[in-house]
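This report covers a pocket, a surface patch and an aromatic pair. The sequence and model come first.

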Amino acid sequence: MTQREQQLNTFLVTVFHDILRLEEACLRRACPNLSVTELHVLEAIAQAAAGGGRPSMATLAASLGVTGGTVTVAVNTLEQKGYVRRIRDQRDRRRVCVQLTDAARPVLEAHAAFHRRMVRRACARLDEAQTDALCTALADLHAFFVSDRCK
């Protein structure tokens, strides 16, 4: 690796770690009984619901890229904490859907506010061309993570 590539590597690793740590700290202030993983499950439910209807457990597992068992454990915990409820599909009783409760809304809004502040800060000193270049670079980085995984 060149010196510049090493510098970029160190920066990416540090930024990734810092984002997770700060995200968790902000979450602890807004809702001390939720983990970041549980919050991301709530976000996935909200995104699926925004697309129309209630997500099934299988749909939720697919959108998160995890197993049905993992989603079941997460939904059990979130249901016990009062953030989601399970609803059996009336047309197909085998299908279980998940719905957010009113308790989840303020938590999701606080998390969205954290992300808005983060993005505004990242773009504060960039002009439109620099913002476009950053978005392109991050899209390429995301494509690497999605396609190459651990090759």
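Helices (H or I, at least four residues) and strands (E, at least two) are DSSP runs, numbered from the N terminus. Phe11 lies in helix H1, residues 3-30. The model is predicted: local features need pLDDT of at least 70, side-chain atom pairs count only at pLDDT 80 or more, and totals for chains, interfaces and linings use all residues. Residues are numbered from 1 along each chain as its sequence is written, and side-chain values use heavy atoms, without hydrogens and water.

With Leu8 and Leu12, Phe11 makes a nonpolar surface patch of about 290 Å². Patch residues have over 30% relative accessible area and no salt bridge, and nonpolar side chains are joined within 5 Å.

The largest pocket holds about 1700 Å³ of space. Of its 32 lining residues, the closest to its centre are Val15, Phe16, Ile19, Met118 and Leu138. Two or more lining residues come from each of H1, H2 (36-50), H5 (104-123) and H6 (128-148); H1 gives the largest share, 11 residues. A pocket is an open set of points on a 1 Å grid where a 1.4 Å probe fits, with protein on both sides within 12 Å along at least five of seven lines; lining residues have an atom within 4 Å of a point.

A search of the whole structure finds one aromatic pair (ring centres within 6.5 Å). Phe144 and Phe145 form this pair, 5.6 Å centre to centre; at 55 degrees between the planes it is tilted, since stacked means under 30 degrees and edge-to-face over 60.

Conventions
Patches are made of residues with over 30% relative accessible area and no salt bridge: like charges are joined within 9 Å, nonpolar side chains (Val, Leu, Ile, Met, Phe, Trp, Tyr) within 5 Å. Accessible areas come from the Shrake-Rupley method with a 1.4 Å probe; for residues, only the protein chains shown count as cover. A salt bridge is a side-chain nitrogen of Lys or Arg within 4 Å of a carboxyl oxygen of Asp or Glu. Rings of Phe, Tyr and Trp (its six-membered ring) pair if their centres lie within 6.5 Å; planes under 30 degrees apart count as stacked, over 60 as edge-to-face and the rest as tilted. Grid points are joined across faces, edges and corners, and a volume is the space filled by probe spheres set on the points.
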